[in-house]
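This report is meant for someone meeting the structure for the first time.

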Amino acid sequence: MKKISIIAIMIVLLVGVAQSKERQIDDISYRRSSLYSLLISHTDKKFNTEIENCFLQIPIPDTYNDHDLSVKIVNIEGDVEKEKVGKKDTPKGPAQITSFLEENRVASRLVGKWFMRDFNNGECMMDLIGSRGIYAASEIDKAKASANLKGEAMLADAGEDLIQNTFVLVNDITYIDKGVRSKNVGMGLRILGAVAAAATGIDAIEDIGNLAGSMAETLKGFSVRVNTSLYQLVWDDEAAAITYDNWSDRQAFEDNRGSYKLKYVGNQLSSGGTTSFLGIREDQPEIMIRKACQRALDENIANLQQNFQAFQIKTPLENVEPLEARVGKKEGITENSRFEVLEPQKDETGKITYKKIGEIKPVQNLIWDNRYMAEEEMAEGATLGCTTFKKVSGGDFLPGHLIRQIK
């Protein structure tokens, strides 16, 4: 009887520990990096207006916080080229883009958005940092005013894990001109306009059926090339001091806006391959253009995530039996991809760190195709809803543990 009682107590204790650990993981929500995405407009290039309209419909990927500013499209004259540097030189972004970002004080605007700064009176609030950092706004307000270790740790945590993981994507999207075929594509889009006009009884044309047949063939050749430049907000002791020292002083912040910086991280050029337009009707050219743009842009983001550690994303495990997470082919995942499993941990000051506790890899044929319009083209894996993984190493994983792709 005594032996049974001891075993029963041990079971209760073990279950309690497991439940406590699971609650601890559930309590730590997942912190995303933040992203501001821009488009370079080329008013002299073919399909520029259509590309602009489609870009404005492309949302920030749900693996990032939306940190967009009011300006989404910028005009830069001429072709944007990456500045040439030697092997030992610090990598530099395209001079035109870097100049635009500096002249328009984009870094300070990103910081201003983090602190919800009212540019009219200088007033700041901590609500956004609180919500994205999983703090109560009242707690972080106290931390800002506190000189104790816990206050300093919380502010440092917010800066290291949130503000400094703010990125700017500048996307140069251009239609790939293929000579004679490009003229046919242009004609096809004009035909589409005529078809729409005829359907409404306005400016009707004859032989629409023949023209539509010619137009359908031109859709197959439409493709774009996306050249993406990635920048990261510099959040160091100097930037933090400027922000907190001039907390509610509007003029002091204005005087110091040039002190905030963005650093160039790297560049990615899409392959410019032709996109499948299966599932798109012949009278939907705007969807065709959006699909071509979004697929190429997603390809660049996935490659940047894999090539630059600072830009890598963390995403939570949704389930553990089986192991599942909401990432897929849009993030560049293949059966050869590998991920480390991270356990988020809070110390006594509230600062969060991540401990690697194992590795997993995708299961062949169970990789979610979450690319734009994958379901419409009946792509393999489009209806899965998540990617299934198998354990490579490690112990017990829990829902809420984070996974990060290994380069």
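## Salt bridges and cores

Arg371 is partly exposed, its relative accessible area being 27%, and in this predicted model its side chain meets that of Asp369 in a salt bridge with an N to O distance of 2.7 Å. Asp369, by contrast, is buried, with a relative accessible area of 2%, a value that lies under the 20% limit for that class.

| Pair | N to O distance |
|---|---|
| Lys72 and Asp68 | 2.8 Å |
| Arg257 and Glu254 | 3.4 Å |
| Arg371 and Asp369 | 2.7 Å |

The surroundings of these partners can be described one pair at a time. Both Lys72 and Asp68 are buried, and their side chains are joined by a salt bridge. In the pair formed by Arg257 and Glu254, Arg257 is buried at a relative accessible area of 10%, whereas Glu254, with 25% relative accessibility, counts as partly exposed. Because buried means under 20% relative accessible area and exposed means over 50%, the 25% of Glu254 places this residue in the partly exposed class. Salt bridges also extend beyond simple pairs, for Lys291, Arg295 and Glu377 are linked through them in a network.

Turning to the nonpolar residues, the largest nonpolar core has 36 residues, and those that touch the most other members are Leu101, Phe115, Val168 and Leu262. Helix H4, which spans residues 106-114, gives the most to this core, contributing 5 residues. Another core, of 32 residues, lies apart from the largest one and includes Phe55, Val224, Val265 and Ala296.

Phe115 deserves a separate description. When residues up to four places away in sequence are left out, the residues that Phe115 touches include Cys124, Met125, Met126, Ile129 and Ile163. Also among the contacts of Phe115 are Trp235, Thr243, Tyr244 and Trp247.

Technical notes. Residues numbered from 1 in each chain as written. Predicted model: local features only at pLDDT ≥ 70, side-chain atom pairs only at ≥ 80, totals over all residues. Heavy atoms only, no water. Salt bridge = Lys/Arg side-chain N within 4 Å of Asp/Glu carboxyl O. Buried < 20%, exposed > 50% of the residue type's maximum accessible area, 1.4 Å probe, protein only. Core = buried A, V, L, I, M, F, W, Y, C linked by side-chain atoms within 4.5 Å. Helix = DSSP H or I, 4+ residues; strand = E, 2+ residues; numbered from the N terminus. Contact = heavy atoms within 4.5 Å.
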